[in-house]
Amino acid sequence: MPVWKVRGGNELSGSARVQGAKNAVLPILAASLVGGGVFRLRNCPRLKDVDASIEILRHLGCAVEREEDAITVNSAGMRDNHIPHALMLKMRSSVMYMGAILARTGEVRLSTPGGCELGSRPIDLHLKALETMGAEVRDAGAEVVCRAPGGRLRGAHVNLDFPSVGATENVMLAACAAEGETVLTNAAREPEIVDLQRCLISAGAEISGAGTPEIHIGAFRPRPETEHRIVPDRIEAATLLCAAASAGGDIELRDLAPAHIDTVCACLRDMGCRIVCGADTVRLRTPKRLRAGRPVITKPYPGFPTDAQALLMAACLRAEGTAVFVENIFESRYRHADELRRLGADIRVEGRVAMVTGVHRLTGAPLTAWDLRGGAALVAAGLAAEGETQVFDAGHIERGYDDLAGKLRSLGADVVREE
Ligand code: EPZ
């Protein structure tokens, strides 16, 4: 696993382009299986998770070409419906292939995704939703097998006990091939769900309501070719803004949807940052010293995103006062706090609550990345620490960020990646 070496002290300045969204391109790559045609995707980020998805699609028999930011998938040749453990291990969000493979072949076998640093990551909501649509589910512990009796699921009213992003996506994909209309209530409302709907409509699906708690999926008449440009990555945008808040400076992001990070910008303004939003740009300037803002309470979209919790925490480490975080989405998402304390941060964690009291100085230290966003938070904190911070196991960061080290260097940070 690579090590990232961060030397703190440089303010960030300049402009950077935001990548295509990891959490949109992943379900859309799965969606390419449903209709059996060709998907031509643009604005695709270069990520380890995208590489893993391409490996899964090729394993299933699809032809996949990648050139720059474009990925072309031809799923006509799909001949398998089983995702082996080795491929599931590479990316736990492969669970979203369940709905797509079920829609295409009527049966899917996949090794159950393991838990991760964020907690057990169950898939009960996914399985319950598919059973409501008529799927026969055999959850044999290490492997899950879902079958559609007679090869087709039936449209149904599916209500999610929790607005799970992945379960929403699985229902949208499975429902494309179901007999009759599916109405999904208490659906997740994330912008990546809206992007998946846009892509499915281009592919020939009758689908509406994404972005609201109620999504309707009707008939699907697959078009031979589908073109789609991936929505900008709101979490990468939040990451870059929090890194600039942590280091100090004046940066502009471009090619993003400012409305998608309203809650993050509101918290940063609360902390004293000046933020100006254009149509597809956001400019952030930091004050002499940040101050702790309002409590940060993570919620399903449009609430504050859990994926930005660690990043905003990094920006709070030297802010005046005490910042309060409440993590409501994942059962354990504070692993980064242990690491940030090694820099001299004052963080107390009690269950879902973390209290961050600003200190005057942070001192670089060797740290370990435990997960994707926590790892990025260690880098953001290292920008504000005196001396060198080494982030070990930085491969976690590379799962979800397209050359984040290079992007930070282009903004003036001293960040070097070493194998
Ligand atoms: C998606 O994960 C994202 N991943 C996550 O981003 C993001 O943190 C999460 O949504 C919440 O916004 C992708 O889109 C690839 P959930 P997902 O189902 O779909 C529980 C990142 O850093 N749950 O909305 O797995 C679950 O344990 C990643 O980019 C069940 O209990 O999230 C969690 O506590 C991390 N049973 C909560 O719901 C289920 O069947 C939210 O999970 C499913 C989920």
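Me: Which residues line the largest cavity?

Reply: The largest cavity is lined by Leu-102, Ala-103, Gly-106, Ala-148, Gly-151, Arg-152, Leu-153, Ala-174, Ala-177 and Ala-178. This is a predicted model, where local features need pLDDT of at least 70, side-chain atom pairs count only at pLDDT 80 or more, and totals for chains, interfaces and linings use all residues. Residues are numbered from 1 along each chain as its sequence is written, and side-chain values use heavy atoms, with hydrogens and water left out.

Me: What makes a space a cavity, and what makes it a pocket?

Reply: Both are found on a 1 Å grid over the protein atoms alone: in a cavity a 1.4 Å probe fits but cannot get out, while a pocket is an open set with protein on both sides within 12 Å along at least five of seven lines. Lining residues have an atom within 4 Å of a point. The points are joined across faces, edges and corners, and a volume is the space filled by probe spheres set on them. The count here is 3 cavities of 30 Å³ or more, and the largest cavity has a volume of about 40 Å³.

Me: What classes do the residues lining the largest cavity fall into?

Reply: There are 7 nonpolar, 2 polar and 1 charged. Nonpolar means Ala, Val, Leu, Ile, Met, Phe, Trp, Tyr, Cys and Pro, charged means Asp, Glu, Lys and Arg, and the others, Gly among them, count as polar.

Me: How much space lies in the second largest pocket?

Reply: About 300 Å³. Of its 17 lining residues, Ser-246, Ala-247, Gly-248, Lys-288 and Arg-318 are the closest to its centre. Helix α8 (234–247) and α10 (309–316) each give two or more residues to that lining, and the largest share, 3 residues, comes from α8. Helices here are DSSP runs (H or I, at least four residues) and strands are runs of E (at least two), numbered from the N terminus.

Me: Now the ligand: which residues come nearest?

Reply: Of the 22 residues around the ligand, those are Asp-124, Leu-125, Ser-164, Asp-307 and Ile-329. A residue is near if one of its heavy atoms lies within 4 Å.

Me: Why is the ligand said to lie between two domains?

Reply: Because domain 1 (3–19 + 232–418) and domain 2 (22–229) both give residues to the shell around it. The bounds come from an automatic or database domain assignment.
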